[in-house]
Amino acid sequence: MGISMVEKIENKEFSPKEIREMLGIDNSRIQELCKMADIKLKKNHRGLTYFTQDDAKVLSNISSSMK
C-alpha cells in the first residue's frame, strides 16, 4: 500500500495488521517506530489498538528513512 495510499484515504483508522502490510514490518518494529516518533497507542470503543492517518504517515516516513 505505501504512503501514497495512506494519503488517499482520509479519516481512516488503521489496525496494526494494516500498518504491518503497508510497511512490510512486524509488530515489534511498529513498537520501535512508535517509541521513536512518540506515537501513543490509541484504543477504539471495542478496546482494539488503531492508528490514525497521521500516525501511518509518520510511521511510513520513519520506516523509509531507516532503510
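# Notebook: salt bridges, pocket and core

**Entry 1. Lysine 40 and aspartate 38**

I began with lysine 40, which is exposed, its relative accessible area being 56%. I note here that the model is a predicted one. I then looked for a partner of lysine 40 and found a salt bridge with aspartate 38, in which the closest N and O atoms are 2.8 Å apart. Aspartate 38 is exposed as well, with a relative accessible area of 54%. Both residues are classed as exposed because 56% and 54% are over 50%.

I next asked where aspartate 38 is found. Aspartate 38 belongs to the loop between H3 and E1. Its backbone also deserves a remark: aspartate 38 has a positive phi of about 55°, although it is not a glycine. I recorded this because most residues other than glycine have a negative phi.

**Entry 2. The other salt bridges**

How many salt bridges does the structure hold? I found four in the structure, and I describe two further ones here. As background, side chains of opposite charge can pair when their charged atoms come close.

In one of them, the side chains of glutamate 32 and arginine 29 meet, with 2.7 Å from N to O. I looked up their places in the chain: both are in helix H3 (residues 27-37), three residues apart, so about one helical turn separates them. Glutamate 32 is partly exposed at 39% relative accessibility, and arginine 29 is partly exposed at 24%.

Another salt bridge joins the side chains of glutamate 18 and lysine 12, at 3.0 Å from N to O. I checked the exposure of both partners. Glutamate 18 has a relative accessible area of 26% and is partly exposed; lysine 12, at 28%, is also counted as partly exposed.

**Entry 3. The chain as a whole**

I turned to the overall layout. The chain contains four helices and two strands. Read from the N terminus, the order of elements is α-α-α-β-β-α. Of the 67 residues in the chain, 30% are buried. I also looked at how contacts span the sequence: among contacts with a separation of 6 or more, 58% are between residues 24 or more positions apart.

**Entry 4. The nonpolar core and phenylalanine 51**

Which residues have the most contacts inside the largest nonpolar core? They are Ile19, Phe51 and Leu59, in a core of 13 residues. Helix H2 (16-23), H3 and helix H4 (53-65) each supply at least two residues of this core.

I followed phenylalanine 51 further. With neighbours within four places in sequence left aside, its contacts include Ile19, Ile30, Cys34, Leu41 and Leu59. Lys12, Glu13, Phe14, Ser15 and Pro16 are also in contact with phenylalanine 51.

**Entry 5. Serine 15**

Serine 15 lies in the loop between helix H1 (2-8) and H2, and it is partly exposed with a relative accessible area of 25%. In sequence, serine 15 and phenylalanine 51 are 36 residues apart, while their C-alpha atoms are 6.3 Å apart in space. Leaving aside neighbours within four places in sequence, I find serine 15 in contact with Thr49 and Phe51.

**Entry 6. The largest pocket**

I then examined the largest pocket, which has a volume of about 150 Å³. Which element gives the most to its lining? H3 does, with five residues. Among the lining residues I listed Asn27, Ile30, Gln31, Cys34 and Lys35. The lining also has Pro16, Ile39, Leu41, Thr49 and Phe51. Sorted by class, six of the lining residues are nonpolar, three are polar and one is charged.

**Entry 7. Lysine 42**

My last entry concerns lysine 42, which lies in strand E1 (residues 42-43). Is lysine 42 buried or partly exposed? Its relative accessible area is 22%, so lysine 42 counts as partly exposed; buried would require a value under 20%. Leaving aside neighbours within four places in sequence, lysine 42 is in contact with Leu48, Thr49, Tyr50, Thr52 and Asp55. For one of these, I looked up the separation: lysine 42 and threonine 52 are ten residues apart in sequence and 8.7 Å apart from C-alpha to C-alpha.

Conventions: Residues numbered from 1 in each chain as written. Predicted model: local features only at pLDDT ≥ 70, side-chain atom pairs only at ≥ 80, totals over all residues. Heavy atoms only, no water. Buried < 20%, exposed > 50% of the residue type's maximum accessible area, 1.4 Å probe, protein only. 1 Å grid on protein atoms, 1.4 Å probe; cavity = no way out; pocket = protein on both sides within 12 Å on 5 of 7 lines; lining within 4 Å. Points joined across faces, edges and corners; volume = space filled by probe spheres on them. Nonpolar A, V, L, I, M, F, W, Y, C, P; charged D, E, K, R; others polar. Core = buried A, V, L, I, M, F, W, Y, C linked by side-chain atoms within 4.5 Å. Contact = heavy atoms within 4.5 Å.
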